[in-house]
Amino acid sequence: MANDLIPLAAALKSMKRANSGLTWIRQKHVTAFLRNLAVAPAITHETFDGLPESRTREYVRGLLIEHGVLPRRDELRMRYDNWAAQALERVSDLQNREVIRRYIRWHHQRRMNHMDEVSRGTFLRAKQEVTVAIDLLKWLTGHGIKLPELQQSHLDVWQAEGPTTRRIAERFLKWAIKTKAAPAGLAILPHRRGTSPKLDKTGQDEALNKVLQLDGLDVRDRAAAILILVFGQQAENIARLTWDDVTITEDLVTIRLGTIQIALPDPLDLPWRELAENPGHNLTASHPSTNWVFRGTSPGRHIDPGHLTARLRRIFSTRAARLGTLHELTKLAPVAIIADALGYSPATIERHATDSAAAYAQYIAAARTSRQNTPRV
């Protein structure tokens with residue numbers, strides 16, 4: 001079956017920087033992996049799944065997908081299935097294990113089955129929700145309580161004893177009540193909206209100036225930072241942008257974030273012009289025909305959103321900046337227009353608008369009180 005690897009060999013030999021490919025192949029662990037793969041009875045995803053998990057395994061798999069040897073598949077969906085099987089092993093109580101198995105199967109995996117591709121956010125949320133659900137059931141087992149016997153007082157104690165992430169069990173609890181695995185009428189104390197830190201207008205302006213002027217900052221980081229600081233975009237949506245979403249002419253750079261093409265004025269357009277001329281990761285066999293704006297290190301994949309936020313963290317908090325930007329934007333335009341332009345749901349923008357209005361009302365009240373308490377001369 002070594003003939004199946006010929007397209008990969010041809011791609012490596014035709015790279016603009018062929019020495020990089022040779023250096024990679026000559027690493028002992030890569031050489032050993034490729035030799036084992038060359039004598040495999042068939043080059044399939046199942047063959048790869050049967051090999052020890054490693055970065056080399058997934059990198060080679062990605063290369064073979066990009067060069068037509070293997071078909072594309074939803075890797076995050078496969079990763080979740082493998083993770084879920086291991087998570088079930090952490091539940092010792094057989095009744096609780098069955099509950100978690102059904103929760104995984106009929107809540108998370110069923111939802112993923114209806115997606116064209118599982119997003120990173122869906123993948124991470126599903127893992128976190130199952131992890132917290134397992135934590136709750138383990139706590140109940142440790143206290144001799146069965147899930148059908150769960151009372152509100154038990155929930156209150158469990159939530160009070162642990163980290164704030166235990167509120168995430170709300171979704172599992174609703175599912176358990178709906179499927180009659182838990183008694184009705186129970187509730188998890190919800191997260192109070194509007195309490196997350198936001199970067200204020202002054203902080204946003206300072207961060208944007210630093211992004212545009214800081215020496216040595218990668219052009220990809222400048223381009224991504226602009227979308228967060230000016231348009232309140234999430235890292236996951238930025239990572240998934242393609243060049244079909246971007247139009248660059250001599251006079252104008254526009255980006256489609258929602259349903260509307262948004263123009264980038266000077267100097268915000270400059271990093272995007274530079275990125276179009278040199279998108280990066282084009283000297284190896286990893287991206288032979290990719291259309292991603294932000295190419296990742298994995299073959300054919302966009303940049304990992306977590307890696308993107310980590311790169312920007314030394315300049316500003318991406319979450320605080322995004323929330324601060326949305327907070328400010330809701331003061332300037334109607335909810336429907338912002339939602340259409342930025343690709344958010346109207347309900348999400350409505351919440352930010354409500355928070356913004358509440359903050360403004362508090363400011364007015366504080367100013368009025370201050371004036372009333374100021375002695376008149």
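## Salt bridges in the model

A salt bridge is a side-chain nitrogen of Lys or Arg within 4 Å of a carboxyl oxygen of Asp or Glu. Arg220 and Asp218 form such a pair, their closest N and O atoms lying 3.8 Å apart. The structure described here is a predicted model, and a search of the whole of it finds 21 salt bridges.

Side chains of opposite charge can pair when their charged atoms come close. Asp218, at 33% relative accessibility, counts as partly exposed.

Arg171 forms a salt bridge with Glu129, with 2.8 Å between the closest N and O atoms. This pair links distant parts of the chain: Arg171 lies in helix 10 (residues 169-178) and Glu129 in helix 8 (residues 120-142), the two being 42 residues apart.

The two partners may also be described by their accessibility. Glu129 has a relative accessible area of 5% and is therefore buried, whereas Arg171, with a relative accessible area of 46%, is partly exposed.

## A buried pair and a network

Another salt bridge joins the side chains of Arg273 and Asp269, at an N to O distance of 3.1 Å. Both Arg273 and Asp269 are buried.

Salt bridges can also share partners, as one group of residues shows. Asp49, Arg57, Glu58, Arg61, Arg73 and Glu75 are joined in this way into one network.

Conventions:
Residues numbered from 1 in each chain as written. Predicted model: local features only at pLDDT ≥ 70, side-chain atom pairs only at ≥ 80, totals over all residues. Heavy atoms only, no water. Helix = DSSP H or I, 4+ residues; strand = E, 2+ residues; numbered from the N terminus. Buried < 20%, exposed > 50% of the residue type's maximum accessible area, 1.4 Å probe, protein only.
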